[in-house]
Amino acid sequence: MLRDSATDSLDGVPTAFRHGAFVYGSDEEFVRLATPFVRDGLATGEAIVAALPPARIAGLREALGADAEQVGFIDMTEAGRNPARLIPLWRDVLERNAGRPVRGLDEPAYAGRSAAEYDEALLHEALLDVAFAHDKDFRLLCPFEASVGIDPTATHSGAQALAEKTFRTALSGVPDRAERWEFGLAELGQVRQWVNARASSFGVSRDRLDDLALALHEICTNSIRFGGGRGTLSVWIEDGALICDVADRGRIDDLLVGRVLPPLDGLGGRGVWLANQLCDLVQLRSGDDFTEVRLHTRLR
């Protein structure tokens, strides 16, 4: 199945970002569908970047032969572990190739991810049409392995409406087993000590503990500044990760918060950006009377 979100054109030239997808059932089918897309771009002098899991990179390299030297390959399992880092990645690719059309392969929903990671990979897919709506020289094709069981149609047709709906819908409920802490400005130091102790007891390494502490401090500070002065922190273990969920009564309007680096003199946004760089996964949802940020740190 092939799907492309760009339908408007002038004399056959796309007038906006083109975002397509295909589903493949085997390594051979992936190569058969991806290779012509890459070769067509090389033939027209486009910059080609493929952000894929290692096995897909190996297969595509072999199929391209010597032409693979003209393609930029990125290990999706590292660069896209947290899918919120991918829009900045593609923005950087566009800036480094300013004035030249860019053609990319982007597979964030690869096999082996957790349910929460798949949710964020699909939100990323929907947000691509928001982030790059006016980038007419950018074309992105997103492979989906059939065994993952995801139909990409929704994220490649009416994607902006899907992104808005997803962003405004609360995450799955905090489990009853979670430990909870209500906090305000006076409790920030205690919160950090408490989470450090809990994370250490669960086996989080010192380096990861420092990353989590900084990310959590930024998110809790945001709750105090923009969420009514107080928030609720919930902590639990799920899918081999320590989860820190911060909820408050604020609202975030920007669907791309944390995916576009805000200016140094801007109000807000930098805390979420920093959390996205420090944590294995960040989930953020915000509606009329709530904001929830869920930080995931793998235990191993």
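In this predicted model, the sulfur of Cys244 lies 8.0 Å from the closest cysteine sulfur, which belongs to Cys279, and this is too far for a bond. The cut-off that matters here is 2.5 Å between the two sulfur atoms. Cys244 is also buried, because its relative accessibility is 0%.

A disulfide is a covalent bond that joins the sulfur atoms of two cysteines, and the structure as a whole holds 0 of them.

Strand β11, which covers residues 241–248, pairs in the antiparallel sense with strand β10, residues 231–238, over 7 bridges. Within this pairing, Ile237 has Leu242 of β11 as its bridge partner. Both strands belong to an open sheet of 5 strands, arranged in the order β9-β10-β11-β13-β12 and paired in antiparallel fashion. At the edges of the sheet stand β9 (179–183) and β12 (281–287), each of which pairs on one side only, and from one strand to the next the twist averages 15 degrees.

The last stop is helix α8, made up of residues 206–226, where Asn222 is found. Is Asn222 buried or exposed? Asn222 counts as buried, because its relative accessibility of 16% falls under the 20% limit. When neighbours within four places in sequence are left aside, Asn222 is in contact with Gly227, Gly271 and Val272.

Definitions and conventions. Residues are numbered from 1 along each chain as its sequence is written. This is a predicted model: local features need pLDDT of at least 70, side-chain atom pairs count only at pLDDT 80 or more; totals for chains, interfaces and linings use all residues. Side-chain values use heavy atoms; hydrogens and water are left out. Two strands pair if DSSP finds at least two bridges between them. Helices (H or I, at least four residues) and strands (E, at least two) are DSSP runs, numbered from the N terminus. Axes are lines fitted to C-alpha atoms, for helices over the stretch in contact, and angles run from 0 to 180 degrees between N-to-C directions. Buried means under 20% relative accessible area, exposed over 50%, partly exposed in between (1.4 Å probe, protein chains only). Contact means heavy atoms within 4.5 Å.
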